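Here is my note on the model you sent over.

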Amino acid sequence: MRVDEKTLAEDIVRMSGTNVKKCMKCGKCSATCPSFEDMDVHPHSFVTMAEEGDVAGLLKSKSLWKCLSCFACVERCPRGVEPAHLIEAVRFFALSPQGLNKMKPDVVPIFLQNLEEKGAEVPQQLLTSAFRKYSK
Ligand code: SF4
Ligand code: SF4
């Protein structure tokens with residue numbers, strides 16, 4: 001892991017407000033996730049990767065765009081780790097180069113087209129959630 005990747009990982013974890021060190025790898029977050037089957041990196045693995053500073057792996061994960069922001073993993077986690085907030089923070093970093101950390105209406109079609117070309121499907125809930133959160 002490069003030093004700048006380690007710093008970025010620390011920034012993402014700090015921004016998410018999660019404490020990845022509290023994770024006891026029980027897998028309950030993944031077991032309750034409705035998008036489990038569609039994910040290449042499952043919620044508990046996301047936490048581990050963030051803890052290990054694997055930002056590149058997190059950013060290229062299809063799971064970023066499969067998470068429905070339902071927060072079932074947050075409810076289920078016995079240690080209060082809140083994996084969904086971590087996924088949201090990584091999404092933010094994935095989207096931020098698209099325009100000064102903001103998501104504007106005119107970038108949405110381009111954003112969708114880029115993802116579709118990579119074979120990713122974007123749930124409506126994700127788009128609504130991201131737009132509400134990043135367009136302020
Ligand atoms: S918030 Fe995302 S990761 Fe968590 S349970 Fe829902 S779909 Fe899965
Ligand atoms: S439910 Fe919580 S403690 Fe268990 S693996 Fe998921 S994040 Fe870690």
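Where does S61 lie? S61 sits in the loop between helix 4 and helix 5, and point 3 comes back to it.

1. A word on the ground rules. This is a predicted model, in which local features need pLDDT of at least 70 and side-chain atom pairs count only at pLDDT 80 or more, while totals for chains, interfaces and linings use all residues. Residues are numbered from 1 along each chain as its sequence is written, chains are lettered from A and ligands numbered from 1 in the order in which they are written, and side-chain values use heavy atoms, with hydrogens and water left out.

2. The overall plan. The protein has 8 helices and 0 strands, where helices (H or I, at least four residues) and strands (E, at least two) are DSSP runs numbered from the N terminus. Along the sequence the pattern reads α-α-α-α-α-α-α-α. Of the 136 residues, 45% count as buried; buried means under 20% relative accessible area, exposed over 50%, and partly exposed in between, using a 1.4 Å probe and protein chains only. Among contacts (heavy atoms within 4.5 Å) between residues at least 6 apart in sequence, 68% join residues at least 24 apart.

3. S61 counts as buried because its relative accessibility is 3%. Not counting residues up to four places away in sequence, S61 touches D40, V41 and F46.

4. The nonpolar core. By this we mean a set of buried Ala, Val, Leu, Ile, Met, Phe, Trp, Tyr and Cys residues joined through side-chain atoms within 4.5 Å. The largest one has 26 residues, and F46 and L86 touch the most other members. Helix 1 (3–16), helix 3 (43–52), helix 4 (55–59) and helix 6 (83–95) each supply at least two residues of this core. Helix 6 gives the most, with 5 residues.

5. L86 in detail. This leucine belongs to helix 6, and L86 counts as buried because its relative accessible area is 1%. What does L86 touch, not counting residues up to four places away in sequence? The list is I12, V13, S16, T18, V20, F46, V47 and A50.

6. Helix 3 against helix 6. The axes of helix 3 and helix 6 come within 9 Å and cross at roughly 65 degrees; axes are lines fitted to C-alpha atoms, for helices over the stretch in contact, and angles run from 0 to 180 degrees between N-to-C directions. The crossing is left-handed, meaning that the near helix is turned anticlockwise from the far one by less than a right angle, with clockwise being right-handed. Helix 3 brings P43, F46, V47 and A50 to the contact, and helix 6 brings P83, L86, I87 and V90. These residues divide into 8 nonpolar, no polar and no charged. Here Ala, Val, Leu, Ile, Met, Phe, Trp, Tyr, Cys and Pro count as nonpolar, Asp, Glu, Lys and Arg as charged, and the others, Gly among them, as polar. As a reminder, an α-helix has 3.6 residues a turn, so residues three or four places apart point the same way.

7. More on helix 3. Its buried residues are P43, F46, V47, T48, M49 and A50. Just after helix 3, G53 takes a positive phi of about 80 degrees.

8. The two ligands. A residue is near a molecule or strand if one of its heavy atoms lies within 4 Å of it. Which residues come nearest to ligand 1? Of the 13 around it, C33, C67, C70, F71 and C73 do. Helix 5 (72–76) and helix 6 each supply at least two residues of this shell, which divides into 12 nonpolar, 1 polar and no charged.

9. Two backbone angles to look at. K25, in the loop between helix 1 and helix 2 (28–32), has a positive phi near 55 degrees, though it is a residue other than glycine. K25 is partly exposed, with a relative accessible area of 42%. S69 is not a glycine but has a positive phi of about 55 degrees. S69 is in the loop between helix 4 and helix 5 and is buried, with a relative accessible area of 14%.
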